Amino acid sequence: MAQSEKQRSVLRINLDILNAVRDEGDAKPTHILYKANLSHERLVKYLDDLMAKGLIEVKQDGENRTYNLTTKGVSFLIEMRRAESFVQGFGLAI
Amino acid sequence: MGRERPRMATGALISFTLNILCAVVALLTSYYAYKVNRLVGNQVIGAISLGFMLLGVGLAVDASTTLFSGRTLVQFSSRVLVQFASFTYLTVQMVAYLVIAIGYARAVYGSQQRPVAPAVIVTAAAVGLYRFSLLSYFVVLILLAFVVFQGLLIRSGQNTKFSAMVLLAFGLILIAHVVLLASVLTLGPVLFLIGTGIQFLGFLSLLIFVVRSEVVGPK
């Protein structure tokens, strides 16, 4: 479960979004919004940011927009998972 | 007398091996902390990286000193070099644990902590090596006790296997320093080797943590 939006760092929010996209596969914005616990306005901003960084890609099918992780996004999540394990060892959180 | 020298050389070799292995683990931990810090940009992890780097360098210096002093302590020039190296190691070790302790304090209390130990180190530099050894082991003991206490506080709020491994590592290093302090007080070589052995077990626990956190893949 995502932490409340107030306490989360930008990195944590990005990770929550990436995890939501990975879990769903062809993830719809409503699903990501629910999983990452964000307002629609903020979600759009974060998604644009992640696309600019090449971590996710958008697929447009008529009216429907879905998101997927890119190869770079998958690698980033793996690296972050390792980093999170290390950080937890010293009692910290991302 | 004839039996004393080979025994001393064997002890020095064991101590050298254990300390070199500890140095490698400390430098490896420092490297991973550096890598993680580049990803997450966390000051505490930065402090831990710096602390373990200093510790790794200090342990390597100490290991070399042990091997060197075990063989060539009879020469005056070597003795001066050994004293200088020991002094360097003890100072670096204190600074390393101080940096780690500050990192832990920041993790628990935020960033208002002010370091007090540098003043202790500067004062310590004015006294002889034996007294300095005693003082440094005592300071390191206090710093390690603080780190273990913070670790326990953290663990009460975040019960993960990774924090348990780090806590076990620091706990063993703390016990090792109690034994090492006793060895300095009694000038006991056997106690010194036992302390070095326990310290090695602490670093082994740290190595398991680093390897485990590195191989954990995505959920």
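Which pattern does chain B follow, read along the sequence? Colour chain B by secondary structure and the answer is α-α-α-α-α-α-α, that is, 7 helices and 0 strands. Helices (H or I, at least four residues) and strands (E, at least two) are DSSP runs, numbered from the N terminus.

Before moving on, a note on what is on screen. This is a predicted model, in which local features need pLDDT of at least 70 and side-chain atom pairs count only at pLDDT 80 or more, while totals for chains, interfaces and linings use all residues. Residues are numbered from 1 along each chain as its sequence is written, with chains lettered from A and ligands numbered from 1 in the order in which they are written.

**Stop 1: colour by confidence**

Chain B has a mean of 76, and 73% of its residues reach 70 or more. Select helix α7 (residues 189–215) of chain B to see where confidence in this chain is highest, at a mean of 87; helix α4 (residues 117–125) of chain B is where it is lowest, at 47. Now select residues 111–127 of chain B: the pLDDT here is below 50, and the stretch has 18 contacts in the model beyond near neighbours in sequence. Two residues are in contact if their C-beta atoms, placed from the backbone, lie within 7 Å. For the complex, the predictor gives an ipTM of 0.75 and a pTM of 0.75.

**Stop 2: Gln93(B)**

Next, select helix α3 (residues 76–109) of chain B and pick out Gln93(B) in it. Is this residue buried or exposed? Gln93(B) counts as buried because it has 23 C-beta neighbours inside 10 Å. The cut-offs are 20 or more other C-beta atoms within 10 Å for buried, 12 or fewer for exposed, and partly exposed in between, with C-beta atoms placed from the backbone. Leaving aside residues up to four places away in sequence, Gln93(B) touches Leu55(B), Gly58(B), Ser136(B) and Val140(B).

**Stop 3: the core**

Stay with chain B, where buried residues make up 41% of the 219 residues. A nonpolar core is a set of buried Ala, Val, Leu, Ile, Met, Phe, Trp, Tyr and Cys residues joined through C-beta atoms within 7 Å. The largest one has 80 residues, and those touching the most other members include Val21(A), Tyr97(B), Ile100(B) and Phe170(B). Helix α3(B) gives the most to this core, with 14 residues. Zoom in on Ile100(B) to find Ala47(B), Ile48(B), Gly51(B) and Val147(B) touching it, not counting residues up to four places away in sequence.

**Stop 4: where the chains meet**

Show both chains: 17 residues of chain A are in contact with 24 residues of chain B. On the chain A side, helix α4 (residues 71–89) of chain A supplies the largest share, 12 residues.

**Stop 5: two loops in chain A**

Finish with Asp26(A), in the loop between α1 (10–24) and α2 (29–36) of chain A. Its phi is near 50°, a positive value in a residue other than glycine. Asp26(A) is exposed, with 12 other C-beta atoms within 10 Å. Then select Asn37(A), in the loop between α2 and α3 (40–52) of chain A. Asn37(A) has a positive phi of about 55° although it is not a glycine, and is partly exposed, with 16 other C-beta atoms within 10 Å.

How values were computed
pLDDT = per-residue confidence, 0-100.
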